[in-house]
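I am opening my notebook on a new structure.

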Amino acid sequence: MTLDLYMDEHVRRAITNGLKLRGIDVLTVQEDSRTGTPDPILLDRATELDRVMFTQDDDFFVIANRRQQEGVKFSGVIYAHQQYVTVGECVRDLEIIAKVSEPEDLVNQVQYLPL
């Protein structure tokens with residue numbers, strides 16, 4: 001089984017397209033008609049869809065940390081800082097994570113890129 005990803009609305013399209021070309025199941029916030037939705041609701045939506053959230057938004061740290069402390073389940077967050085990781089590195093690392101991980105591996109976890 002592979003990991004399905006839910007892409008935050010500010011993720012570069014090149015990352016999403018690169019993953020789709022590699023056969024990774026990716027759903028963007030825009031494709032899900034959730035543009036402008038607050039981040040906590042997006043994380044709930046990713047969890048509802050059994051997808052791991054990929055973001056480059058620092059706010060997800062706070063949300064994920066709060067949920068970890070409160071014991072509120074979420075499907076996981078993968079984070080890459082825009083200035084410290086290239087599009088190619090994101091695509092490569094997300095492909096690896098998606099192909100070798102099971103959904104339960106990232107539950108209630110935050111994974112940082114680059115690997």
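Before I checked a helix, I noted that its expected span is 1.5 Å times one less than its number of residues, and that helices (H or I, at least four residues) and strands (E, at least two) are DSSP runs, numbered from the N terminus. I also noted that this is a predicted model, in which local features need pLDDT of at least 70 and side-chain atom pairs count only at pLDDT 80 or more, while totals for chains, interfaces and linings use all residues. Residues are numbered from 1 along each chain as its sequence is written, and side-chain values use heavy atoms, with hydrogens and water left out.

**Entry 1: helix H4**

I looked up H4 and found that its 14 residues reach 20 Å from the first C-alpha to the last, close to the 20 Å expected at 1.5 Å a residue. I then asked which residues of H4 are buried, where buried means under 20% relative accessible area, exposed over 50%, and partly exposed in between (1.4 Å probe, protein chains only). They are Cys90, Val91, Asp93, Leu94, Glu95, Ile97 and Ala98. The cover over these buried residues includes strand E1 (5-7), helix H1 (13-21), strand E3 (52-55), strand E4 (77-80) and strand E5 (110-113).

Ile96 is also in H4 (residues 87-100), but Ile96 counts as partly exposed, at 40% relative accessibility. Together with Val100 and Leu115, Ile96 forms a nonpolar patch on the surface, with about 300 Å² of accessible area for the three together. Such patches are made of residues with over 30% relative accessible area and no salt bridge, with like charges joined within 9 Å and nonpolar side chains (Val, Leu, Ile, Met, Phe, Trp, Tyr) within 5 Å; the areas come from the Shrake-Rupley method with a 1.4 Å probe, and for residues only the protein chains shown count as cover.

**Entry 2: salt bridges**

I searched the whole structure and found nine salt bridges, each being a side-chain nitrogen of Lys or Arg within 4 Å of a carboxyl oxygen of Asp or Glu. In one of them Asp25 pairs with Arg51, with the closest N and O atoms 2.8 Å apart. Asp25 lies in the loop between H1 and E2 and Arg51 in the loop between H2 and E3, so this pair ties together parts that are 26 residues apart in sequence.

I also followed Arg45, which is buried at 14% relative accessibility and meets Glu48 in a salt bridge (2.6 Å, N to O). Both residues lie in helix H2, three residues apart, about one turn of the helix. Glu48 is exposed at 58% relative accessibility. Salt bridges that share partners join Asp32, Arg34, Arg45 and Glu48 into one network.

**Entry 3: a buried charge**

Asp39 touches Asp8, Asp57, Asp59, Phe60 and Ile63 (heavy atoms within 4.5 Å), not counting residues up to four places away in sequence.

**Entry 4: backbone angles**

Most residues other than glycine have a negative phi, and most peptide bonds are trans. I noted that Ser33, in the loop between strand E2 (26-28) and H2, has a positive phi near 55°. The peptide bond from Leu113 to Pro114 is cis, with omega near 5°.
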